[in-house]
Amino acid sequence: MFRSGRTQWILLATAAATRFGGGVLMGTAMAVYVGREGSPLAVSAVATAYFAGLMLASPVWGALADVTGRRRAVLVVTGTLATLAAAPLAIADGVWVPVGLRGLYAVFAAGFAPVALTIASERGGADGRGRSLGTFNSARSGGFAGGQFVAGLLLGAVARPELYLVVAGLSALSTVAAAFLVDPTDTGPGTDGDDDAPDDASEPTRTELLREVRHRLFPAAGERGHFRVKGLRWLYVALAVRNVTVLGVMALMAPYLVDVVGVAEPVMGALLAVNHGTQVGAMYLLGVAADRIGRKPLIVAGMAGSGAFAVLAATATVPAAGAGLLGVTGPAWLGTGLARVAAAGGALFVLGVSFSAMTTGAVAFIGDVAPAGRESELMGLRSTAKGLGGVLGPTLVGGIATLAGYPAAFALTSSLAFAAAGLAGLALVESRPAGGRTVPADD
């Protein structure tokens, strides 16, 4: 009943949209709540806690899924635990208890992306991987856009407990959808086509499982050759550096738009939705492009565009400053307000296109070069690189913003994204398979 290709894509898209939509709804709302009580540095802790959880847990869940072959079980268990971690937010008070729960939620929510990306990647195969991943990322971006938009509406319409109960409900819905997914790699210990069916003869013991996961996460010096394929290790470095800029800026974007740019909360939600709304179409189109023109051009262009986003975001207050210098007052400030909204919206549109290019190129690149049985692990390491940027970025940008203001912090840290683009351009070798052939692991 649920095994047809179309049904599986609907389930995968539903799981992705609700998982990421609920997560961004939580993050945006919490940033606004914390911003009302603390400094920009305190707001940055919301993102730091989340990305610390991703950084530490993503490769563990990915390796666990690869070792056991039980990808659906990993999705269900981690999704259930993420839901249980989100529910207490409805009764949590203050700043630091919610931030701590946000970090705990991230530890379990981290199990979704590396496993789901592997399922999407394998459904596309070597010749359609970019298109398949683009479709998955479109659903993911749709969830993000919806979460941002709903955040703006709910912040002014419901109390904090009700908003967080919506988050928990979306997490639960994602878990239910994931429970009906079929893993196309089917490498689990079962032999009946069900990747979660037990087989005591081939199932590893707990000690063997922990040893293998540890071995994969910390390989010996002579067993790291797959990180050198096509410059894969430098892709992770470039992703981490780029994410210091973007995740640092985005951690402060909600309070920046409300408190500095001066927009109302529903407008803030709509503006933040521009980024992910743009990705819905761009992910699919650039997924097709990844199969036609290659992975590397998209990665480099996406990282450079991320730097441009930070610069443009810093200009969102310039129209008002210019109007003040010219002595413009009264009704003319309406036009100034529209100019601010347009500047912020333009910056977030650029980010949506840039992120789509970089992400589609990067996940297709990893899928191309990953050795058999290690794809979820390497997808998880991509989340680790993102998490590292998410830990360092909000703290760096929040600290600069506390001392010098938001625009200066955004403009200064844009240089890191441009540096990441340069590194990717120099260090990566195109990985797109010729004629649909996979890339040899020892290439």
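I began by reading along the sequence, and the protein chain follows the pattern α-α-α-α-α-α-α-α-α-α-α-α-α-α. I counted 14 helices and 0 strands in the chain, where helices (H or I, at least four residues) and strands (E, at least two) are DSSP runs numbered from the N terminus.

I noted that this is a predicted model, in which local features need pLDDT of at least 70 and side-chain atom pairs count only at pLDDT 80 or more, while totals for chains, interfaces and linings use all residues. Residues are numbered from 1 along each chain as its sequence is written, and side-chain values use heavy atoms, with hydrogens and water left out.

**Whole chain.** I looked up burial and found that buried residues make up 56% of the 443 residues in the protein chain; buried means under 20% relative accessible area, exposed over 50%, and partly exposed in between, with a 1.4 Å probe and protein chains only.

**Helix 1.** I checked the length of helix 1 (residues 5-35): at 1.5 Å a residue its 31 residues should span 45 Å, and its end C-alpha atoms are 45 Å apart, which agrees. The expected span is 1.5 Å times one less than the number of residues. I also found that 22 of the 31 residues of helix 1 are buried, so this helix is largely enclosed by the rest of the structure.

**Leu155.** I located Leu155 in helix 5 (residues 112-155), and at 7% relative accessibility Leu155 counts as buried. With contact meaning heavy atoms within 4.5 Å, and not counting residues up to four places away in sequence, Leu155 touches Ala29, Val32, Tyr33, Leu163, Glu265 and Met268. I also looked up Gly269, 114 residues from Leu155 along the chain, and the C-alpha atoms of the two are separated by 9.3 Å.

**Nonpolar cores.** I then turned to the nonpolar cores, each a set of buried Ala, Val, Leu, Ile, Met, Phe, Trp, Tyr and Cys residues joined through side-chain atoms within 4.5 Å. The largest has 118 residues, and those with the most contacts inside it are Leu257, Phe309 and Phe410. Helix 8 (residues 232-261) gives the most to this core, with 16 residues. A second, separate core of 6 residues includes Ala282, Leu286, Ala290 and Ala357.

**Phe309.** Leaving aside neighbours within four places in sequence, I found Phe309 in contact with Val246, Val249, Met250, Met253, Ala347, Leu348, Val350 and Leu351.
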